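Q: I would like to learn how to read a protein model. Could you take me through it step by step?

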Amino acid sequence: MTMNRHDATKQFHSGDDQLADLIDDAQPVELPTPDTDVPMVSRSVRLPLDTYERVRAAADARGIGVTTLMRQWIEAGLADLDDSATVSLADVRRALASLAQPTAA
């Protein structure tokens, strides 16, 4: 038996055992394996829509998820505060390429 959200809420508030029976009859669900052994904390961040869309486009261009990109940016910002450096390989290559080009006299 399946139940939509409205019906489930109604059943819950009525105190009927139908919802409990539905939960008892449910099949076990396999949870996805976390992609890291590091404990993670979830935080909500409110962003203007245009900012979020820019972040999403940047993440899509890199082939990664939005939260992964945001985590990378936060880690890079924190590394900068600690005087340690976290830079992308593309940035390093651009910097080296600009050093290799002769400057106009």
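Q: What volume does the largest pocket have?
A: A pocket is an open set of points on a 1 Å grid over the protein atoms alone, with protein on both sides within 12 Å along at least five of seven lines. In this predicted model, the largest pocket has a volume of about 440 Å³, the space filled by probe spheres set on the points.

Q: Which residues line the largest pocket?
A: Lining residues have an atom within 4 Å of a point. Here they include Met40, Arg43, Trp73 and Glu75. By class, the lining has six nonpolar, three polar and three charged residues; Met and Trp count as nonpolar, Arg and Glu as charged.

Q: Why does helix 5 lie largely in the open?
A: Buried means under 20% relative accessible area, with a 1.4 Å probe and protein chains only. Helix 5 lies largely in the open because zero of its twelve residues are buried.

Q: How are residues numbered, and what is left out?
A: Numbers start from 1 along each chain as its sequence is written. Local features need pLDDT of at least 70, side-chain atom pairs count only at 80 or more, while totals for chains, interfaces and linings use all residues, and side-chain values use heavy atoms, without hydrogens and water.

How values were computed. On a 1 Å grid over the protein atoms alone, a cavity is a set of points where a 1.4 Å probe fits but cannot get out, and a pocket is an open set with protein on both sides within 12 Å along at least five of seven lines; lining residues have an atom within 4 Å of a point. Buried means under 20% relative accessible area, exposed over 50%, partly exposed in between (1.4 Å probe, protein chains only). Helices (H or I, at least four residues) and strands (E, at least two) are DSSP runs, numbered from the N terminus.
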